[in-house]
4 protein chains.
Amino acid sequence: MGNSFGHLFRITTFGESHGGGVGVVIDGCPPQIDLNEGDIQADLDRRRPGQSRMTTPRKETDTCEILSGVFQGKTLGTPITILVRNKDTRPQDYGEMAEVYRPSHADATYDAKYGIRNWQGGGRSSARETIGRVAAGAIAKKILGQVAGVEIIGYVRQIKDVEAAIDPNHVTLDQVEANMIRCPDPTTAEKMIALVDDIRRQANSVGGIVECVARNVPKGLGEPVFDKLEADLAKAVMSLPASKGFEIGSGFAGTQLTGLEHNDEFYSDDRGQIRTVTNRSGGVQGGISNGENIVIRVAFKPTATIGSAQRTVNKEGEATILAAKGRHDPCVLPRAVPMVEAMVALVLCDHLLRNHAQCHLLR
Amino acid sequence: MGNSFGHLFRITTFGESHGGGVGVVIDGCPPQIDLNEGDIQADLDRRRPGQSRMTTPRKETDTCEILSGVFQGKTLGTPITILVRNKDTRPQDYGEMAEVYRPSHADATYDAKYGIRNWQGGGRSSARETIGRVAAGAIAKKILGQVAGVEIIGYVRQIKDVEAAIDPNHVTLDQVEANMIRCPDPTTAEKMIALVDDIRRQANSVGGIVECVARNVPKGLGEPVFDKLEADLAKAVMSLPASKGFEIGSGFAGTQLTGLEHNDEFYSDDRGQIRTVTNRSGGVQGGISNGENIVIRVAFKPTATIGSAQRTVNKEGEATILAAKGRHDPCVLPRAVPMVEAMVALVLCDHLLRNHAQCHLLR
Amino acid sequence: MGNSFGHLFRITTFGESHGGGVGVVIDGCPPQIDLNEGDIQADLDRRRPGQSRMTTPRKETDTCEILSGVFQGKTLGTPITILVRNKDTRPQDYGEMAEVYRPSHADATYDAKYGIRNWQGGGRSSARETIGRVAAGAIAKKILGQVAGVEIIGYVRQIKDVEAAIDPNHVTLDQVEANMIRCPDPTTAEKMIALVDDIRRQANSVGGIVECVARNVPKGLGEPVFDKLEADLAKAVMSLPASKGFEIGSGFAGTQLTGLEHNDEFYSDDRGQIRTVTNRSGGVQGGISNGENIVIRVAFKPTATIGSAQRTVNKEGEATILAAKGRHDPCVLPRAVPMVEAMVALVLCDHLLRNHAQCHLLR
Amino acid sequence: MGNSFGHLFRITTFGESHGGGVGVVIDGCPPQIDLNEGDIQADLDRRRPGQSRMTTPRKETDTCEILSGVFQGKTLGTPITILVRNKDTRPQDYGEMAEVYRPSHADATYDAKYGIRNWQGGGRSSARETIGRVAAGAIAKKILGQVAGVEIIGYVRQIKDVEAAIDPNHVTLDQVEANMIRCPDPTTAEKMIALVDDIRRQANSVGGIVECVARNVPKGLGEPVFDKLEADLAKAVMSLPASKGFEIGSGFAGTQLTGLEHNDEFYSDDRGQIRTVTNRSGGVQGGISNGENIVIRVAFKPTATIGSAQRTVNKEGEATILAAKGRHDPCVLPRAVPMVEAMVALVLCDHLLRNHAQCHLLR
């Protein structure tokens, strides 16, 4: 269990890092949407390894094949299956991992839970699993754009202690994609790149914060009480590998304000729309989107896999020393950007359908 | 939709602040567990209004009735329904709310989504909804304790800028319950109480951070990839009213460390158990519990309802001024403690059942 | 688990025959629908015991209370909870059942599964559980009527070997309600009533077949491949107590025809609608409604509880003789009619919402 | 939606008759079960076209590939994906179907629902979709066999008016597989084969009844009230293409008996097990398995696709004549046998896990 996400726009991902491939089945996609592999490949290319020296050198083109659900360039309303074959696998790099647990990785917990584990490249716990999410997210983005002009843009806001000040209301995809670290502030981006270069040379790793904004989200998305929009967004991104924290709007910093300072006062804009003067709510109030920009932040820990030697144990619990040999990212942040965007898109698309069902049947 | 939570130990809450009552149906509870109203009332009393001057003066005993699912003091395996009637309702206090939107509240978004809203005391968006969660959480705690000796303890770690340093490994329920702010550090607790007293007199409000630890959690709970334990925990607490952020283990602060500093090295303890030297993972690795203490933190914004005047609009979008007259908490944190505990218990209990089904069928 | 039904219009029933009461929570109901207890009570009255000498003499008015989800006479979009208290309980009648298993009842299997059982009046396995279904079904009928003019009419088609020939295309609710056996053919109804009177005097019981038609169902309801409309209808009615068989359209008799005889040829009617000349499909093709009348039949076994002596065993497996003392129906068919209608309504309403979400988002 | 089945042992099928392929993702499979393609291929071979002159001549080996979830011959507990490529596709045979609706097929309803349809070979409504079910069912059978020695055997009981009398308590797989019609009574099998040969020559088709028995099913499977075992079995088989009716135990014929005749009296067998003298309940009482053999029957209509000319309409509603040119089965029954078995296995395996979770956690 646990490999499906969403209630109406529902995806199921599958696959391990080494083996037949990875992919996704999307059930509940509306029919008659234009779709081809190109629509999906664009985001997969932003996620794939080897795209820059910021990322793991594993060479995968991550070329996707649509196996089902599309006919003559349009979605059928039936399950869309997308498959990416694993190509550049090097099981020999991982032989040691069959026996030795990598610190802060999933090796030991998979063994504890299942009593078995595909130890080649992390198996199911590999970030390759997110290929399915990003592929499905590309379709969700397309629907959201088509129905409501929704724009979802993620970017690196912080790497270790290097932080950028970005205005989520005006950031563009071009700014994000202008550099290999995906920080839309060029000056900070250079510092981040230098930091990652440095840390890679030290066989070490760093983490940071991805911020993501969703603009033009219709009012009314989110289902009280458990499926509040922020709750589903939190689950969505906290299910990404290496994520350790989530916040929306004012987040943790909002605890430093009083209610009088924190509340978003209402006004009517010149089109008669009820708006808020500030957006400390982050676009969601009472679990439901209010039409303001949705702004979230996700903390990613430093990559667990590092080339430096660390103390650990093997399956039998005997002490040993491990220095990772497999290929890995010194910093997952640039590749996490399309993953976060995908998860936000999946949540919004699912709630778009849910809201349409319950609240627009009789309108 | 959205009023159910959990996959096997599944709860559905219902009810509005004013009206017939609030409650919960719990489906999937194991049979033959000793259960009576007293087991549930203890946590409801920690959640109820009017328990101290830190909370809203609304007078509700929140006395619960078990309507179904229990026979001769034991659970039947059939749905357990728990009902709490609303008593001290004052709809007259809320007349203005029928027309005017409270800033940073759910009034405007409920209207945008449903086109209708029970404006008495916040209706479904009222924190009274959490009665059902806390009642169900009490049962989940009981099962977790009985099966594995799991202890779940929440406490107030920070109110505005007053922060306590608590050791989650040793904190006790008695320490938490020793003062009305539910901060187990007595000195800091006094400062927090003084702060809340002060802010209440100013007709203002404050927020803060609740930390929660779960000890003795068996290894193996959590289902990769979307239902990772931290993902379900994040959803669980981010579905609580007023929550704005979530973190597990090192959380956002962990982004300041390198991988070498952050990783939790493994060792074998004297009972031959594989353990980690540090616990920056917060008890979860690869989405699965590793047997270490699970430690999470939740940011709660300052209460939206305040007695001070704020600019807002009415349903027609006309500008107006609102100063809340209904009863409300100057700070939700003390009452949020049992809510967070309940949500953690619900997640762990559900995953206990899920893990048992898939991974213990053949053992 | 297992006490919820539906994906978007989702109900959860609760309660035992003896105890606090029985009821239902409905999640996902569209907002702003006029609703009061009277809308629900009408169908509950058709289901309640003691309504005629055809049914059990247990005296329950089954008066319902709406606990939540309705405000000022309209649905809120939040969970609707409906509670019916148990009144005329006689636990003393059931003392023997604590120890002795009634043949073809749920006593032994509940004990085998849960190791515990509320033996008063059948507990959760009592037909009183269907109160929640009928209450929720009344709301589903209202939505279906409002959105699409859907009419759902059930009736008794056969009792033991007495069978009526009814035209599902023209039968009316008034015809059904014209007699206490709910067979719209008055002549056959009299024979059925005489048969039941006779069998009751013999302390025996009989079963039969309920047929149900849904008219004006929009095209397009039903989700291939597992949630085909006939599959969900089958599950819906096979979850009713005492049901042993289901068929749609030509059903089992259709196996006697060749394809050439069985196929429903298409034509265009005078409004340009594509229709079928015959309706052996029963209104569903490929799992999706085709706009023709949906016609199903459900076989109900003779009531298991009978006053005559039968051989059985007690909990320890010791042989004994049992003659039921509790109150019971000599024939469940008349009361099964509103139950079948309710289940059909719940399936159609859920699929109406599902189809609206996926297939009408972009139209 | 609608392409997933099961709650804990949950499958999602995908694919169209013509296109990249068909397959299934299985989530929730217990880990460490021996599994390879051979385990699955055996049942796929019983399902595949072209296996005898009783079936469609389409030539597909239906060779399966396990894409994920298995490592070194054992299940990982992660999603198992099984893919079968489409090989012998002849889209040119189906050109007419782009425009013309086949009577009693899914063409018109898919168009009405989705506004688009893969008209090559029936697309998603093709029986090729059941490949995923049969593949997943093979795994479910393996688990059921390993855990409890469960045996599931389906067979053709009736073709049109030719009916066999089979004892479900003693029928063997060898008897079923001894002839190409899969009727374990050799004499009747010959008559059935002659009948199908005859009907095929007439460019016509026939239907019939598949009976299926599950032996050694543990007591306690099935979840009251909606997920009663018979309800989930009914849904399972009524979701198969061409099914029109379902019954369990005494089924429709049971309505001819009185309660005194119908009830299954209890006794204790020589091992002290509580058993029933008769089995009119069909192995399920109160929705829960009672340890007796589960016996169900499924009515399949005559194949809709026939070579004879029929009146129909095209997409524009214009009258036309159609005689099918694509390859098709004159009688689906022999191939439906492994499909029914698979669906029964999927239901039982899911409920085995569900029962284990709720009712064996504390035992």
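Me: How many residues of helix α6 (residues 229-238) of chain C are buried?
Reply: This is a predicted model, in which local features need pLDDT of at least 70, side-chain atom pairs count only at pLDDT 80 or more, and totals for chains, interfaces and linings use all residues; side-chain values use heavy atoms, with hydrogens and water left out. Residues are numbered from 1 along each chain as its sequence is written, while chains are lettered from A and ligands numbered from 1 in the order in which they are written. A residue is buried under 20% relative accessible area, exposed over 50% and partly exposed in between (1.4 Å probe, protein chains only). Helix α6 of chain C is mostly covered, and the buried residues number 10 of its 10.

Me: How many helices and strands are there in chain A?
Reply: Both elements are DSSP runs numbered from the N terminus: helices are H or I with at least four residues, and strands are E with at least two. Counted in this way, chain A has 8 helices and 18 strands.

Me: What is the radius of gyration of chain A?
Reply: The radius of gyration is taken over C-alpha atoms, and the globule rule is 2.2 Å times the number of residues to the power 0.38. For 363 residues the rule gives 21 Å, and the value of chain A is close to it, so chain A is as compact as a globular protein of that length. The radius of gyration of chain A is 21 Å.

Me: What percentage of the residues of chain A count as buried?
Reply: The C-alpha atoms of chain A fill a box of roughly 65 × 50 × 35 Å along the principal axes. Of the 363 residues of this chain, the buried part is 71%.

Me: Is A:A140 buried or exposed?
Reply: A:A140 belongs to helix α3 (residues 130-148) of chain A. Contact means heavy atoms within 4.5 Å, and A:A140 touches A:F9, A:A345, A:L346 and A:C349, not counting residues up to four places away in sequence. Because its relative accessible area is 0%, A:A140 is buried.

Me: Which residue of chain B is in contact with C:T75?
Reply: C:T75 is placed in strand β6 (residues 74-75) of chain C, and with a relative accessible area of 0% it is buried. Leaving aside neighbours within four places in sequence, its contacts include C:C29, C:P30 and C:I80, and from chain B, B:I116.

Me: How much area do chain B and chain A bury between them?
Reply: The size of an interface is often given as the accessible area lost when the parts come together. Buried area here is the accessible area (1.4 Å probe) that two parts lose on being put together, summed over both. The contact takes 105 residues from chain B and 105 residues from chain A. Carbon and sulfur atoms give 58% of the buried area, which is about 8100 Å².

Me: Does D:Q72 count as buried or exposed?
Reply: D:Q72 lies in the loop between β5 (70-71) and β6 (74-75) of chain D. D:Q72 has a positive phi of about 50° although it is not a glycine. Because its relative accessibility is 63%, D:Q72 counts as exposed.
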